[in-house]
Amino acid sequence: MEKFTCLAFANKADDQIKKAKELLDTSTQKKEMAEVYCVLSMINRARVFMNPATYGREYGPKASQYLKMAQAADPSNPRVLYLDGWEKFATPKAWGGDKVKAKEILQQSKQKLDENSSTSVQPHWGRKEVEELLGQLK
């Protein structure tokens with residue numbers, strides 16, 4: 001897939017998640033806001049991975065900030081841990097990446113995902129991605 005197409009998808013996702021955010025009450029729907037912040041973090045991190053030299057300085061800090069906001073909104077959200085682990089896994093060591101720390105964080109995420117194997121309408125994404133990353137960290 002061309003980088004331009006990926007950027008177009010990131011921009012579209014950004015528009016859509018901002019619409020979803022507008023529908024939430026940020027003071028009472030903390031768990032829902034954590035999911036929105038996770039998606040916003042993913043969108044910004046995707047932009048960094050498309051072209052780190054061009055987008056890293058602008059979108060890397062935004063991705064990290066959204067992840068912190070997600071953590072604050074819902075500390076028990078396993079997807080926050082997944083994204084933190086993914087970030088540490090994919091980031092070069094010179095810029096703060098740490099595969100050992102990534103593995104620890106991803107194992108915590110997997111444990112939380114396993115404990116919360118809900119079949120309800122609540123979000124439950126992330127298990128497959130966590131398992132794939134852990135498989136690469138053996």
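Started with helix 4 and helix 5. This is a predicted model, so I'm reading computed geometry throughout. Helix 4 covers residues 78-90 and helix 5 covers residues 99-115. I looked up their axes: they come within 8 Å and cross at roughly 160°. Anything over 145 degrees counts as roughly antiparallel, so helix 4 and helix 5 are roughly antiparallel to each other. I noted the handedness too: this crossing is left-handed.

Next I listed who meets whom. On the helix 4 side I found, among others, Leu-81, Tyr-82, Trp-86 and Phe-89. Across from them, helix 5 brings residues including Ala-102, Ile-105, Leu-106 and Leu-113. By class, I get nine nonpolar, three polar and six charged residues in this contact.

Moved on to helix 2 (residues 30-50) and helix 3 (residues 52-73). Their axes come within 7 Å and cross at roughly 165°, so I put helix 2 and helix 3 down as roughly antiparallel as well. The contact between them has 16 nonpolar, five polar and four charged residues. Helix 2 passes helix 3 in a left-handed crossing.

Last entry: Arg-47, which sits in helix 2. Is Arg-47 buried or exposed? I looked up 5% relative accessibility, and the cut-off for buried is under 20%, so Arg-47 counts as buried. Its side chain makes a polar contact with the side chain of Asn-11, at 2.8 Å. Leaving out residues up to four places away in sequence, Arg-47 also touches Leu-7, Ala-10, Asp-14, Tyr-55 and Tyr-59, among its contacts.

Methods:
Residues numbered from 1 in each chain as written. Predicted model: local features only at pLDDT ≥ 70, side-chain atom pairs only at ≥ 80, totals over all residues. Heavy atoms only, no water. Helix = DSSP H or I, 4+ residues; strand = E, 2+ residues; numbered from the N terminus. Buried < 20%, exposed > 50% of the residue type's maximum accessible area, 1.4 Å probe, protein only. Polar contact = N/O pair within 3.5 Å; in protein donor to acceptor, adjacent residues only side chain to side chain. Contact = heavy atoms within 4.5 Å. Axes fitted to C-alpha atoms, helices over the stretch in contact; angles between N-to-C directions. Parallel < 35°, antiparallel > 145°, perpendicular 65-115°, else oblique. Left-handed = near helix turned anticlockwise from the far one by under 90°. Nonpolar A, V, L, I, M, F, W, Y, C, P; charged D, E, K, R; others polar.
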